[in-house]
Amino acid sequence: MEYELVNAGVPVTARFADADVEGIFLPLLRRMTAMQAAKGGRLLALLAAPPAAGKSTLAALLERLSRETPGLTPLCAIGMDGFHRRQSWLLGHTVRRDGETIPMARIKGAPETFDLPLLLERLRRVAAGEDCPWPRYDRTLHDPVEDGGRVSGEIVLLEGNYLLLDAEGWRALRDLADMTIFVSADPAFLRGRLLARHLAGGKSTEDAARIVERSDMANIRLCLERSLPADVTLALGEDGRYKKADS
């Protein structure tokens, strides 16, 4: 079935199999609803996935389903992209990669290009039940904007690449969560989706391939190989279908 969703402020049309909605996503939302009721306070869930695995669109779907399905507690879906360092900061700082010192802007999207302390500070407020502002990433400005939205509600779902990263500082994110979800996918499949995304954005074939190999694939491998175990693990197939990792 096709769904009209809003992803990062942009309307999108996404297709999800009815069997996945009925067999995976609605049961997951019912589980969150039951957990929140038992907790008696805000429930924080983390949805982690590598680049191009469709996590933002999936989060938007879960939010819509939660608001349209009787018996479910509506959830508020937010993303971690608003915690990118500003472009000026990335251009003014360097990092060593493959024996070369390069501007951090060239690896934008890697863990070190995010403002982790600010993300942790804001997420602690969310986990404590506070309604607070939440930044978003503006793809026109190529920078975060603080007035991206406001977190509210009894269930909050945060999506991002590195929410389960097994690395210093990042592990604290998982400690704040009541539920964790991870979506895996074949790296070659993700590579193809990223190439198509860059080409659709106007990049040449050569530039798209260079960006994917220099930055995107390293981030994909990091997410797939160094993420902590999740409470729920889903696998995204090349046909766009989801399945539980243990099924």
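D131 sits in the loop between helix 4 (116–127) and strand 7 (132–133), where helices (H or I, at least four residues) and strands (E, at least two) are DSSP runs numbered from the N terminus. This is a predicted model, so local features need pLDDT of at least 70 and side-chain atom pairs count only at pLDDT 80 or more, while totals for chains, interfaces and linings use all residues. Residues are numbered from 1 along each chain as its sequence is written, and side-chain values use heavy atoms, with hydrogens and water left out.

**Around D131**

- D131 counts as partly exposed, at 38% relative accessibility; buried means under 20% relative accessible area, exposed over 50%, and partly exposed in between (1.4 Å probe, protein chains only).
- Leaving aside residues up to four places away in sequence, D131 touches R42, R150, V151, S152 and G153, with contact meaning heavy atoms within 4.5 Å.
- From D131 to G153 the C-alpha distance is 7.9 Å, and the two are 22 residues apart in sequence.

- Six strands form an open sheet in the order 4-11-3-12-13-14, with mixed pairing; two strands pair if DSSP finds at least two bridges between them.
- Strand 4 (75–79) and strand 14 (242–244) are the edge strands, each with a single partner, so one side of each has no neighbour in the sheet.
- On average, neighbouring strands here are turned by 25 degrees against each other, direction ignored; axes are lines fitted to C-alpha atoms, for helices over the stretch in contact, and angles run from 0 to 180 degrees between N-to-C directions.
- Strand 3 (residues 43–48) and strand 11 (residues 155–160) run parallel and are joined by six bridges, with L46 having L158 of strand 11 as its bridge partner.
- Helix 2 (residues 55–68) lies across strand 3, strand 4, strand 11, strand 12 (179–185) and strand 14, and runs at about 165 degrees to strand 4.

- T33 belongs to helix 1 and is buried, at a relative accessible area of 14%.
- The contacts of T33 are G71, L72, T73 and I155, not counting residues up to four places away in sequence.
- A235 is part of strand 13 and is also buried, at 18% relative accessible area.
- With residues up to four places away in sequence left out, A235 touches S184, R241, Y242 and K243.
- A235 and T13 are 222 residues apart along the chain, and their C-alpha atoms are separated by 21 Å.

**Antiparallel pairs**

- Strand 1 (residues 2–7) and strand 2 (residues 10–15) pair in the antiparallel sense over six bridges, and Y3 stands opposite A14 in strand 2.
- Strand 1 has a covered face made of Y3, L5 and N7, and an uncovered one made of E2, E4 and V6.
- Strand 5 and strand 6 run antiparallel, joined by four bridges, and V95 has I102 in strand 6 as its bridge partner.
- These two strands, strand 5 and strand 6, form a hairpin with two residues between them.

**Positive phi values**

- A52 is not a glycine, yet has a positive phi of about 75 degrees.
- The location of A52 is the loop between strand 3 and helix 2, and A52 is buried, with a relative accessible area of 4%.
- D98 also has a positive phi, near 55 degrees, in a residue other than glycine.
- D98 is in the loop between strand 5 (94–97) and strand 6 (100–103), and is exposed at 85% relative accessible area.

**The second largest pocket**

- This pocket has a volume of about 160 Å³.
- Eleven residues line the second largest pocket, and L28, R31, V232, L234 and K244 are the closest to its centre.
- On a 1 Å grid over the protein atoms alone, a pocket is an open set of points where a 1.4 Å probe fits, with protein on both sides within 12 Å along at least five of seven lines, and lining residues have an atom within 4 Å of a point.
- Grid points are joined across faces, edges and corners, and the volume is the space filled by probe spheres set on the points.
- Helix 1 (18–39) and strand 13 (232–236) are the elements that give two or more residues to this lining, and helix 1 supplies the largest share, four residues.
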